[in-house]
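User: Hi! I am new to reading protein structures. Could you walk me through this one, feature by feature?

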Amino acid sequence: MGEASAFAILTEGSRVRVGYLRERIDAASLPANLEIAAVFRLSAKCMEGRCANFESDHCALAARIVEHLEPVVTRIPPCAIRSECRWWREKGSDACIRCPQVITRNTSPTSREIAAAGEKAAFKIS
Ligand code: SF4
């Protein structure tokens, strides 16, 4: 993944959530033997039309997350990538108050999480 950075770390409670890092970490600087997606949320530059989740002029993944997932926090979390985040730009706080429940690898997804991921999701629920 080119120019990827880690911006949040997974935490576990009754459901997995992410905690946001004060500063992003260049993914290339992380240990090579680390299964990065099992530990961190990663961000990368939006590929727009080269991404399966991009429809017309918007991110359909962000739209599905807002449509299918309930908010999990009442205030937007501090986030090191907000100024560049497409979800924030398109969905604002509706995306941010749902974002902490989004993880790359989900071994026991709910029906809502499956609907939010979509058939063409760039991140895959396994
Ligand atoms: S949706 Fe909000 S909290 Fe999630 S990555 Fe974007 S700016 Fe950060």
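User: By class, how many nonpolar, polar and charged residues does the shell around the ligand have?

Analyst: Sort the residues first: Ala, Val, Leu, Ile, Met, Phe, Trp, Tyr, Cys and Pro count as nonpolar, Asp, Glu, Lys and Arg as charged, and the others, Gly among them, as polar. Here the shell has nine nonpolar residues, no polar ones and one charged residue. Keep in mind that this is a predicted model, where local features need pLDDT of at least 70, side-chain atom pairs count only at pLDDT 80 or more, and totals for chains, interfaces and linings use all residues. Residues are numbered from 1 along each chain as its sequence is written.

User: Which residues surround the ligand?

Analyst: A residue is near a molecule if its C-beta atom, placed from the backbone, lies within 6 Å of it. In this model the ligand is surrounded by Pro77, Cys79, Ile81, Arg82, Cys85, Trp87, Trp88, Ala95, Cys96 and Cys99. Helix H3 (86-91) and helix H4 (93-96) each supply at least two residues of that shell.

User: How many helices and strands does the protein have?

Analyst: Helices (H or I, at least four residues) and strands (E, at least two) are DSSP runs, numbered from the N terminus. The protein has five helices and five strands, and along the sequence they follow the pattern β-β-α-β-β-β-α-α-α-α.

User: How many bridges join strand S1 to strand S2?

Analyst: Two strands pair if DSSP finds at least two bridges between them. S1 (residues 5-12) and S2 (residues 16-26) run antiparallel, joined by seven bridges. A hairpin of three residues links S1 to S2, and Ile9 stands opposite Gly19 in S2.

User: Which residues have the most contacts inside the largest nonpolar core?

Analyst: A nonpolar core is a set of buried Ala, Val, Leu, Ile, Met, Phe, Trp, Tyr and Cys residues joined through C-beta atoms within 7 Å. Buried means that 20 or more other C-beta atoms lie within 10 Å of a residue's own, with these atoms placed from the backbone. The largest core has 14 residues, and those with the most contacts inside it are Ala62, Ile65, Trp87, Ala95 and Cys99. Helix H2 (60-68), H4 and helix H5 (111-117) each supply at least two of its residues, with H2 giving the most, three.

User: What does Ala95 touch?

Analyst: Two residues are in contact if their C-beta atoms, placed from the backbone, lie within 7 Å. Not counting residues up to four places away in sequence, Ala95 touches Ala62, Ile65, Val66, Trp87 and Trp88. Ala95 also belongs to the ligand's surroundings.

Note on methods. Buried ≥ 20, exposed ≤ 12 C-beta atoms within 10 Å, placed from the backbone.
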